[in-house]
Amino acid sequence: MNSLALMKVMYAANTLVAGWISLTSLFMPRVAQATVFSNSIAYSEAIRLVGALWGGIFVLSALGLFFPQSMSLVLLFQFIYKTSWLLVAALPAYLTSQPYPKAMAAFFLVWVLVLPFAIPWGWLFSR
């Protein structure tokens with residue numbers, strides 16, 4: 001699979017996943033607490049903040065289906081924040097047997113492993 005096709009696959013998956021997370025977190029935060037966050041966090045309005053962030057990712061990813069290279073910064077952003085969350089939140093929780101959203105961590109881990117192959121590094125940093 002070439003990098004352009006891989007980027008489009010990533011954008012399509014982002015559109016589906018980020019759309020679901022955004023809509024549930026913004027409009028049905030209790031549903032998001034149970035599904036997205038696996039009941040591993042207490043309810044707070046921060047869930048809606050997450051929904052707004054993922055709403056931005058959803059919109060940019062939808063645009064990425066049509067303008068893959070131009071929207072590739074959203075992929076770099078995801079690589080940075082998902083890696084940070086895995087290292088700073090999920091890994092310590094895992095090591096100390098604390099609750100954390102395991103499905104989200106697994107999804108993030110896959111994303112972090114695939115994104116370096118999808119991000120057009122040369123295009124991003126050749127300007």
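This note goes through the fold, the surface and the aromatic contacts of a predicted model.

1. **Secondary structure.** The protein is helical. It has 6 helices and 0 strands. Read from the N terminus, the order is α-α-α-α-α-α.

2. **Overall dimensions.** The chain has 127 residues, and a compact globule with that number would have a radius of gyration near 14 Å. The protein has 15 Å, which agrees. Along the principal axes, the C-alpha trace spans about 45 × 35 × 25 Å.

3. **Burial and surface.** Of the 127 residues, 39% count as buried. The accessible surface comes to about 7,200 Å². Carbon and sulfur atoms hold 75% of that surface.

4. **Contacts along the chain.** Take the contacts with a separation of 6 or more. Residues 24 or more positions apart account for 67% of them.

5. **Aromatic pairs.** The structure holds 9 aromatic pairs. One of them joins F79 and W121. Their ring centres lie 6.4 Å apart, with 85° between the planes, and the pair is edge-to-face. This pair links distant parts of the chain. F79 belongs to helix 4 (residues 72-95) and W121 to helix 6 (residues 121-124), 42 residues apart. Both residues keep some accessibility. F79 is at 22% relative accessibility and counts as partly exposed. W121, with a relative accessible area of 32%, is partly exposed too.

6. **W85 and F108.** Here the ring centres are 5.2 Å apart and the planes stand at 75°, so this pair is edge-to-face. This pair also links distant parts of the chain: W85 sits in helix 4, F108 in helix 5 (residues 102-118), 23 residues apart. Which of the two partners is buried, and which partly exposed? F108 is buried, because its relative accessibility of 3% is under the 20% cut-off. W85, at 22%, falls in the partly exposed class.

7. **Aromatic cluster.** W85 and F108 are also members of one aromatic cluster. The cluster is formed by W54, F77, Y81, W85, F107, F108 and W111. In the model, these are the side chains to display together when reading point 6.

8. **A charge over a ring.** What sits over the ring of Y100? It is the charged end of K102, 4.7 Å from the ring centre.

Methods:
Residues are numbered from 1 along each chain as its sequence is written. This is a predicted model: local features need pLDDT of at least 70, side-chain atom pairs count only at pLDDT 80 or more; totals for chains, interfaces and linings use all residues. Side-chain values use heavy atoms; hydrogens and water are left out. Helices (H or I, at least four residues) and strands (E, at least two) are DSSP runs, numbered from the N terminus. The radius of gyration is taken over C-alpha atoms; the globule rule is 2.2 Å times the number of residues to the power 0.38. Buried means under 20% relative accessible area, exposed over 50%, partly exposed in between (1.4 Å probe, protein chains only). Contact means heavy atoms within 4.5 Å. Accessible areas come from the Shrake-Rupley method with a 1.4 Å probe; for residues, only the protein chains shown count as cover. Rings of Phe, Tyr and Trp (its six-membered ring) pair if their centres lie within 6.5 Å; planes under 30 degrees apart count as stacked, over 60 as edge-to-face and the rest as tilted. A charge sits over a ring if NZ of Lys or CZ of Arg is within 6 Å of the ring centre and within 35 degrees of the ring normal.
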